[in-house]
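Here is a set of questions and answers for a reader meeting this structure for the first time. Please look over the sequence and the model before reading on.

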Amino acid sequence: MTDESWDAFLPLHLQKLSPFQWTPISVIERTWKYLFSDGVTSVVDLGSGVGKFCINLSLLSSESIEVIGLEDREELLSVSEAMKKLWGLSRVQFQKKNFLTHFPFGHSHYYCFNPLYETIKGSHSIDLKKNKSANQFLKDLRTFKQNLFLLKPKSKLITFHGFGGSYLPGFRLVLNEEISGGEFQVWEKDNT
């Protein structure tokens, strides 16, 4: 699978966002390599967009793990469900939820591709539905960090292009690599 072949299944306006909004296939492959060696039981994609990460991770794992995507945009959920059906997958779930207000506690691993990007003023936004300001970004970052701090010990957060900040209280950085033009990191919740 390549990014181009995956993107070809998307509506044109969503294909154009792929380099900025959807996780590259090489990052999904690297994530699976890490997860396979780390005893994963479940993965939640926080802001799953068109489902690219979830569906490809499920394919790579031969549907051996539970994969859940949280997305608050109806259009993107519809695309995700259509892609899930196209690939004939049963262990991928997509839920219409805002992960900031309905955080999915209790999973072993979480993934995000710079999930707060949409609240920063800039180009390559999916749409204009999100409030964009420095204050909104800081508010959302604080909420996100508070939710992450409540995770059980040994939970992992895997990020591509970061989580919105550079320091995550209560976590230690266990992996930091450069891949596909971005920073791939794994954070582990401390035992405290």
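In what follows, Lys and Arg count as positive and Asp and Glu as negative, while His and the chain ends are not counted, and a charge is placed at NZ of Lys, CZ of Arg, CG of Asp or CD of Glu. This is a predicted model, in which local features need pLDDT of at least 70 and side-chain atom pairs count only at pLDDT 80 or more, whereas totals for chains, interfaces and linings use all residues. Residues are numbered from 1 along each chain as its sequence is written, and side-chain values use heavy atoms, with hydrogens and water left out.

Q: How far apart do the centres of the positive and negative side chains of the protein chain lie?
A: The protein chain carries 22 positive and 21 negative side chains.

Q: Is Leu-60 buried, partly exposed or exposed?
A: Buried means under 20% relative accessible area, exposed over 50%, and partly exposed in between, using a 1.4 Å probe and protein chains only. Because the relative accessibility of Leu-60 is 36%, this residue counts as partly exposed.

Q: Which residues is Leu-60 in contact with, leaving aside its neighbours within four places in sequence?
A: Contact means heavy atoms within 4.5 Å. Leu-60 and Ile-28 are 32 residues apart in sequence, yet their C-alpha atoms are 8.7 Å apart in space. With those sequence neighbours left aside, the contacts of Leu-60 are Ile-28, Glu-29 and Trp-32.

Q: What share of the 192 residues in the protein chain is buried?
A: The C-alpha atoms fill a box of roughly 45 × 40 × 30 Å along the principal axes. Of the 192 residues in the protein chain, the buried share is 52%.
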